[in-house]
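Please read them with the structure open.

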Amino acid sequence: MTAPDLPRDKRTIILDSAGATFALHGYEGTSMSEITRVAGVSKATVYHHFTSKAALFGAYVQRECHKTLAPVFQGLTHEHDTATALRDIGLRMITFLLSPHCVTIDRVVAAEAKAFPELAHAFYDAGPRQGIAIMATWLLEQHAAGRL
């Protein structure tokens with residue numbers, strides 16, 4: 001079997017379905033029943049992978065942030081001119097933040113943050129906190145090397 005013929009695993013199917021459903025109905029407007037229907041799996045399968053809707057949302061956000069943050073910081077090495085590296089990261093970050101996918105996640109999190117603060121925390125931990133940590137480490141290394 002070649003790679004394109006491989007079936008997606010159930011966790012991926014559930015996460016993809018949850019993301020589409022959250023984007024369409026928001027967090028509060030999405031039920032686990034709707035996610036199972038869209039995914040074409042049983043509730044038992046969903047709960048086998050995720051203990052709650054909040055855990056599922058957190059896993060979805062974490063997966064998406066991991067997929068999208070990596071390219072923002074690719075090539076972040078000491079060989080590049082610091083100013084060029086910062087400009088490149090800034091351009092990739094703006095492109096990332098304005099992408100329809102990122103805007104959708106931001107919209108869902110912002111709309112639900114007051115009622116479900118754990119969602120905002122999960123989002124922050126999966127995305128902004130990681131990005132800040134990567135940049136802080138790199139900037140400290142640049143400073144220690146006398147490039148800043």
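This is a predicted model: local features need pLDDT of at least 70, side-chain atom pairs count only at pLDDT 80 or more; totals for chains, interfaces and linings use all residues.

1. The protein chain has eight helices and zero strands. Its C-alpha trace spans about 55 × 45 × 25 Å along the principal axes.

2. Of the 148 residues in the protein chain, 34% are buried. The chain exposes about 8,700 Å², and carbon and sulfur atoms supply 62% of that area. Counting contacts between residues at least 6 apart in sequence, 64% join residues at least 24 apart.

3. Helix H4 covers residues 53-72. Its 20 residues should span 28 Å at 1.5 Å a residue, and the end C-alpha atoms are 29 Å apart, so the two values agree. The buried residues of H4 include Lys53, Arg63 and Glu64, as well as Leu56, Phe57, Tyr60 and Val61.

4. Helix H5 (residues 82-97) and helix H8 (residues 128-144) have axes that come within 12 Å and cross at roughly 170°. The pair is therefore roughly antiparallel, since angles over 145 degrees count as such. H5 contributes Thr82, Ala85, Leu86 and Ile89 to the contact, and H8 contributes Met135, Trp138, Leu139 and Gln142. By class, six of these residues are nonpolar, two are polar and none is charged.

5. Arginine 107 lies in helix H6 (residues 100-112). This residue counts as exposed because its relative accessibility is 58%, and the cut-off is over 50%. Arginine 107 and alanine 23 are 84 residues apart in sequence, while their C-alpha atoms are 8.5 Å apart in space.

Notes: Residues are numbered from 1 along each chain as its sequence is written. Side-chain values use heavy atoms; hydrogens and water are left out. Helices (H or I, at least four residues) and strands (E, at least two) are DSSP runs, numbered from the N terminus. Buried means under 20% relative accessible area, exposed over 50%, partly exposed in between (1.4 Å probe, protein chains only). Axes are lines fitted to C-alpha atoms, for helices over the stretch in contact, and angles run from 0 to 180 degrees between N-to-C directions. Angles under 35 degrees count as roughly parallel, over 145 as roughly antiparallel, 65 to 115 as roughly perpendicular and the rest as oblique. Contact means heavy atoms within 4.5 Å. Ala, Val, Leu, Ile, Met, Phe, Trp, Tyr, Cys and Pro count as nonpolar, Asp, Glu, Lys and Arg as charged, and the others, Gly among them, as polar. The expected span of a helix is 1.5 Å times one less than its number of residues. Accessible areas come from the Shrake-Rupley method with a 1.4 Å probe; for residues, only the protein chains shown count as cover.
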